[in-house]
Amino acid sequence: MHKDLDTSRIAATVKNFLHERFDLPLEQLTDESSLRDFGLDSILMLDVMLDVEDRLGVTLKDLSMPPNPKLKDVFALIGRNLAVNS
């Protein structure tokens, strides 16, 4: 995995971004939260992933997620990309 990036840092970065960008309460952003429950479609998620790239200083090559992804799926996707890129 990319140096200095672990699952907790990835999760915190994504949750903070969702909180700041979409005004979502942090306490509602759990690993099991469905992105659809927050009204985030695939286009908005692409925007989220691009911002995560900027915030973490990484490039995500694989952006494939399951239908109706949960936050933990987003964290896993980022982790997989970091593991491949390191």
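Because the model is predicted, local features need pLDDT of at least 70 and side-chain atom pairs count only at pLDDT 80 or more, while totals for chains, interfaces and linings use all residues. Residues are numbered from 1 along each chain as its sequence is written, and side-chain values use heavy atoms, with hydrogens and water left out.

Let me start with the core. A nonpolar core here is a set of buried Ala, Val, Leu, Ile, Met, Phe, Trp, Tyr and Cys residues joined through side-chain atoms within 4.5 Å, where buried means under 20% relative accessible area, exposed over 50% and partly exposed in between, with a 1.4 Å probe and protein chains only. The largest such core has 23 residues, and Val-14, Leu-18 and Ile-78 have the most contacts inside it. Two or more residues come from each of α1 (7–22), α2 (42–56) and α3 (71–85), with α3 giving the largest share, six residues; helices are DSSP runs (H or I, at least four residues), numbered from the N terminus.

Turning to Leu-18, and leaving aside its neighbours within four places in sequence, we find Leu-18 in contact with Asp-23, Leu-24, Leu-29, Leu-40, Val-48 and Leu-71, contact meaning heavy atoms within 4.5 Å.

Leu-18 is also one of the buried residues of α1, and among the others are Ile-10, Val-14 and Phe-17. The 16 residues of α1 should span 22 Å at 1.5 Å a residue, and the end C-alpha atoms are 22 Å apart, which agrees; the expected span is 1.5 Å times one less than the number of residues.

Next, the loops. Asp-23, in the loop between α1 and α2, has a positive phi of about 55° although it is not a glycine, and at 63% relative accessibility Asp-23 counts as exposed. Asn-68, in the loop between α2 and α3, likewise has a positive phi, near 50°, but at 34% relative accessibility Asn-68 counts as partly exposed.

Finally, the largest pocket is lined by 14 residues, of which Asp-41, Ser-42, Met-45, Met-65 and Pro-69 lie nearest its centre. On a 1 Å grid over the protein atoms alone, a pocket is an open set of points where a 1.4 Å probe fits, with protein on both sides within 12 Å along at least five of seven lines, and lining residues have an atom within 4 Å of a point.
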